[in-house]
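I opened this entry to look up two things.

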Amino acid sequence: MASKTHETRKTIVLEDQKYQRGAGGETHQTASGDTPTLTTQVGTPVADDQNSLRSGQRGPTLVEDQHFREKIFHFDHERIPERVVHARGFGAHGYFEAYESLSDLTKADIFQRPGEKTELFVRFSTVAGNKGSADLARDVRGFAVKFYTKQGNWDLIGNNIPVFFIQDAIKFPDLIHAAKPEPDRDFPQAQTAHDNFWDFITLTPESVNMALWIMSDRTIPRSFRFMEGFGVHTFRMINEAGKSSFVKFHWKPKQGLQSVAWNEAVKLNGADPDFHRRDLWSAIKMGDFPEWELGLQVFDDKFAEEFEFDVLDATKIIPEEQVPVRIVGRMVLDRCVDNFFAETEQVAFQTGNIVPGIDFTNDPLLQGRNFSYLDTQLSRLGSTNFNHLPVNAPRCPFHHFQQDGHMAFHNPKGRANYEPNSWGEDGGPRENPATGFSSHPENLEGAKGRHRSETFADHYSQARQFYLSQTEVEQGHIADAFIFELSKVDRLAIRERMVAHLLNVDKDLAGRVGKGLRLKAMPKPADAARPTLTDLKPSPKLSIIANGPVSFKGRKMGVLLSDGVDIDLVKALEAALTKEGAMIEFVAPEIGGVEASDGTWIEAQQKIDGGPSVLYDAVAILVSEAGAKKLAKMPPARDFAADAFAHCKFIAYAAAARPLLEKAGIWADLDDGCRELGKKTDAAGVVEMCRALRFWEREKALR
Ligand code: HDE
């Protein structure tokens, strides 16, 4: 029998959805046909999800309303603690494909058979900001990969920078406290540009190499797809015969390296705080699957002994020119998550998750991490059973006697829950000396103590090498970044201390930063435990510009349109970009779109106010004369052109765009990075021009 409420419902059809209005005007959509019935957690069908159970029309809510109580109770507990570092991240599924057998180096199953694919999950992240912070914060990016191998999960938890701030894990809480918002005021969010951070850095000389890296464009990547990844520490690979080799892991993006300009990053954070996650999501959804190649730097004890620095010191790299990177496979990301919380938020990486054939070294940072990652999962996921969650569970069979605890999904069957036992075949799993993990039998001895090895004492030489390995443009960006960050530091003594360190790195850099800060006098160079080596050869592999994309594939052009635009030009440009494998987005004064010269309607993806040129790798301004005049009066349209120019982007334009380009203040300065799109056949040339990263010559002219 229909209830009173139902009798008062009035049926309405909106588009293809049938719904009813209740007595108070609320919307009721009723299950029918294939639409399932809404239930409570325990499966009780729900009749009304719009109104709580009340005593009387306008009376109090009743405690017996189990559906309401369960719904609110569950909602109240939806959040779990965010990660203490790397809180903001974005994940995707994919696979690893081995190119060759590495049985000479390792018995790790994943590296045995060429062409074999292994499922994996990746989570990219920023470090300092909270879960809701913006994607383009100047920050290191996490690059964590979980391989679901046939011999258990192997987590390679790296960053997009191959060195780290500190040498010993005991300093990690201090480093992170200093980088996070200051504790009394809880700001600045997701920024290192504040006193506490630079206070700590300048009192911690071992962080100077990393300071150079984070002031480079590496910390403002164009997107996750265009950045490298590094295992950072030296690991071991162990082959079947028990032979150990040292190894450093590298991920090389097939898309090439690409970063944005700092001014662009600042604007991107406002225009689209989700820029990086949106980019990865869209690329995968469009079928343009990003790829990275896995590379190894393999070396032996002899090299480790002869190398200028300690291979256990995570503040140092081994230049690729000294130990070349051997490419051994590729990672393809081909599937977005179905549910962000279940997968990206609940994925639990652990440096301790290694497999037979891979082993740790005594890098004190790595050793410390091995404690931390297991511990943090309990705090975040609330149960020792976090490995039961689908994203964390191995894909290979697993058997053990661990049992019970909160939320146990897999419970052992049968009588035996211990071993050794005498239950024969029903006795459960047994250890396996032949295939089981065993640690490399490294000889260890030494006095117990809180040590810092003398071999860790050179803090400046590789910082200098990094700086000298950059192109002139990139060196300029590093100096600008130091000036920007230190200008946000209130205490003069901290600014001076940083310049004192830079004097040990490169006098020219220190001079530029000192001048940019307008120091009245240069400080003395900082006391150095070891003098800076000045004869290390520059390593061109450390430059982003020298290792940029070679095509416009996978990159995006923003095309500003107006009514009356020449349809042939739009079509020709679109065709040329599609042929290149690039993306195109139309920006117009209104989201509805524009009417082209021949009456064709072109739908826009962005209204100009929400589609600034910072969202794009290159831009085109295809407008009619009347359209250009109209746009010239709109500040966002003027910014579109002016910013694209200031950020050294390639610009294609119709001749009719002149009034807009004049108002944007760039008409007189148009250079070889700006090209008129006069006729259809010019489109291919425009795309070809965009293959380079940016038109850097302009930056020199603008400086
Ligand atoms: Fe981490 N780090 N870390 N870290 N780290 C965490 O683990 C820690 C370090 C890195 O997407 C935490 O599950 C210590 C280096 C990534 O879920 C925590 C030390 C590198 C991620 C932790 C380091 C990293 C983390 C927080 C000093 C690059 C995100 C949440 C020894 C090689 C993984 C969690 C993801 C996350 C501790 C240093 C990379 C607290 C103690 C060096 C990519 O356990």
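Which helix gives the most to the shell around the ligand? I looked it up in the model, which is predicted. Helix 10 does, with 6 residues.

**Entry 1: the ligand shell**

I listed the elements that each supply at least two residues of this shell. They are strand 6 (141-149), strand 7 (152-159) and helix 10 (364-381).

Next I asked which of the residues around the ligand come nearest. There are 22 residues around the ligand, and the nearest are Arg 83, Arg 123, Arg 369, Ser 372 and Tyr 373.

I then sorted the shell by class. I noted 11 nonpolar, 8 polar and 3 charged residues.

I looked for side-chain N or O atoms beside ligand oxygens. For Arg 83, I read 2.7 Å between a side-chain N or O atom and an oxygen atom of the ligand. Arg 83 is also among the residues that come nearest. For Ser 372, the corresponding distance to a ligand oxygen is 2.9 Å. Ser 372 too is on the list of nearest residues. For Gln 377, I noted 3.1 Å from a side-chain N or O atom to an oxygen atom of the ligand.

**Entry 2: the largest cavity**

How many cavities of 30 Å³ or more does a search of the whole structure find? I got 8.

I took the largest cavity next. Its space comes to about 180 Å³. I counted 18 lining residues, and those closest to the centre are Val 127, Asp 139, Val 140, Phe 165 and Ala 179. Helix 3 (residues 172-179) provides the largest share of this lining, 4 residues. By class, I wrote down 12 nonpolar, 3 polar and 3 charged residues for the lining of the largest cavity.

**Entry 3: the second largest cavity**

I went on to the second largest cavity. About 150 Å³ of space lies in it.

Technical notes: Residues are numbered from 1 along each chain as its sequence is written. This is a predicted model: local features need pLDDT of at least 70, side-chain atom pairs count only at pLDDT 80 or more; totals for chains, interfaces and linings use all residues. Side-chain values use heavy atoms; hydrogens and water are left out. A residue is near a molecule or strand if one of its heavy atoms lies within 4 Å of it. A polar contact is a pair of N or O atoms within 3.5 Å; within protein, one must be able to donate a hydrogen and the other to accept it, and residues adjacent in sequence count only if both atoms are side-chain atoms. Ala, Val, Leu, Ile, Met, Phe, Trp, Tyr, Cys and Pro count as nonpolar, Asp, Glu, Lys and Arg as charged, and the others, Gly among them, as polar. On a 1 Å grid over the protein atoms alone, a cavity is a set of points where a 1.4 Å probe fits but cannot get out, and a pocket is an open set with protein on both sides within 12 Å along at least five of seven lines; lining residues have an atom within 4 Å of a point. Grid points are joined across faces, edges and corners, and a volume is the space filled by probe spheres set on the points.
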